[in-house]
Amino acid sequence: MSRSPAGLAEAVAEFTGASASTPRRLGGGDASTAYEVPLADGRSVFAKAAPPDMPGALRAEAASLHWLAEPGAVRVPRVHGDDERWLVTEHVAEASPTPEAADEFGRSLARTHAAGAPAHGCPPPGGPRDAWIGLAPMRDEPVADWPTFYGTLRVEPYVRRLVDSGTLRSSEAEPITGICERLGELPGADEPPARLHGDLWSGNVHWGRAPGDAEPHVWVIDPAAHGGHRETDLAMLRLFGCPHLERVLAAYEEESPLAAGWRDRVGLHQLFPLLVHGVLFGRSFATRARAAAEEALRLF
């Protein structure tokens with residue numbers, strides 16, 4: 001157990017109306033420090049400190065959580081409050097993955113996507129346009145269609161950074177930029193904007209049990225929500241593996257069928273997270289993005 005960091009007890013009391021006991025430091029992510037905070041009334045909350053050098057990150061996350069919670073479909077920790085220093089949410093204890101929870105997650109994710117967004121690229125209501133995905137900056141801005149949005153805001157900015165830094169040679173980037181010119185030819189490219197989690201890798205799929213739950217459920221955490229193509233969230237789930245993934249995907253398709261050949265487009269939708277990882281972690285991810293683009297070019 002550690003002493004409460006400066007301002008944490010005050011923020012918890014303000015947001016929850018209950019006094020805080022000594023917090024327990026959790027692992028947190030790449031960008032921030034996190035705590036489980038017991039309250040005097042017997043509840044526990046989760047508190048995340050503002051990441052250094054990432055202005056607006058907590059505001060963007062809080063807005064994302066509120067927006068994803070609106071449809072009442074996929075489970076999202078309730079936001080107690082946020083300010084420039086702290087984000088305080090409901091705490092959900094960890095539980096083991098189950099097939100039943102996976103089925104429920106697939107159906108609820110489909111319904112959340114179907115709740116839609118005003119435009120491809122739009123931030124959640126109240127969220128900043130200059131947001132973050134992990135430690136990387138991410139621009140959210142309404143765009144007329146998905147091919148333009150994905151090419152100009154999710155692929156090209158990170159390719160430029162990789163080339164400018166020398167992580168990728170210009171010739172290696174050509175398949176990636178070339179694919180952006182043909183996105184509009186793909187089946188499903190004209191789908192309306194879905195309400196995306198935006199960073200739905202397995203680490204942000206939290207298998208947990210809230211107080212009063214008889215069985216475990218899936219909760220999504222750490223979102224970078226925006227309007228986009230629903231196949232992007234599903235491709236992110238596959239990037240690093242997810243428990244019971246095939247059950248999740250089967251339940252999703254039962255609820256909301258995908259455009260023909262969607263499995264062949266997984267690599268294309270993984271370009272964005274692979275490029276982000278290339279910017280953050282180096283050449284191995286950047287070359288994976290190039291390979292994914294070369295494979296996607298075979299779709300045409």
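Predicted model: local features only at pLDDT ≥ 70, side-chain atom pairs only at ≥ 80, totals over all residues.
Let me begin with the division into domains. The domain assignment gives domain 1 as residues 8-92 and domain 2 as residues 94-297, and the C-alpha centres of the two lie 24 Å apart. To the contact between them, domain 1 contributes 25 residues and domain 2 contributes 41 residues.

Now back to the sheet that holds β4 and β5. It is an open sheet of 5 strands, in the order β1-β2-β3-β5-β4, and its pairing is antiparallel. At its edges stand β1, residues 24-26, and β4, residues 79-82, each of which pairs on one side only. On average, and with direction ignored, neighbouring strands here are turned by 25° against each other. Helix α1, which covers residues 8-16, lies across β2, β3, β4 and β5, and runs at about 50° to β5.

There is another open sheet, this one of 3 strands, with the order β6-β10-β11 and again with antiparallel pairing. Because β6, residues 93-94, and β11, residues 217-220, stand at the edges with a single partner strand each, one side of each is left without a neighbour in the sheet. Strand β10, residues 205-209, pairs with β11 in the antiparallel sense over 4 bridges, and within that pairing W207 has V218 of β11 as its bridge partner.

Let me turn to the helices, and start with α4 and α5. Helix α4, residues 146-164, packs against helix α5, residues 170-180, at an angle of about 175°, with the axes 10 Å apart, and the two are therefore roughly antiparallel. On the α4 side the contact is made by G151, V155, E156, V159 and V163, and on the α5 side by S170, A173, I176, T177 and C180. By class, that contact has 6 nonpolar, 3 polar and 1 charged residues.

The next pair is α3 and α6. Helix α3 spans residues 99-114 and helix α6 spans residues 230-239, and they pack at an angle of about 150° with their axes 10 Å apart, so these helices, too, are roughly antiparallel to each other. The crossing in which α3 passes α6 is right-handed. F105, L109 and H113 of α3 meet R230, D233, L234 and L237 of α6, and the residues of this contact divide into 4 nonpolar, 1 polar and 2 charged.

Which helix, then, packs with α6 at an angle of about 165°? That is helix α7, residues 245-255, whose axis lies 10 Å from that of α6, and the angle makes α6 roughly antiparallel to α7. This crossing is left-handed. R230, L234, L237 and R238 of α6 make the contact with L245, E246, V248, L249 and Y252 of α7, and its residues divide into 6 nonpolar, no polar and 3 charged.

If you compare the residue lists with the structure, you will find R230, L234 and L237 of α6 in the contact with α3 and again in the contact with α7.

Technical notes:
Residues numbered from 1 in each chain as written. Heavy atoms only, no water. Pairing = 2+ DSSP bridges. Axes fitted to C-alpha atoms, helices over the stretch in contact; angles between N-to-C directions. Parallel < 35°, antiparallel > 145°, perpendicular 65-115°, else oblique. Left-handed = near helix turned anticlockwise from the far one by under 90°. Contact = heavy atoms within 4.5 Å. Nonpolar A, V, L, I, M, F, W, Y, C, P; charged D, E, K, R; others polar. Domains from an automatic or database assignment.
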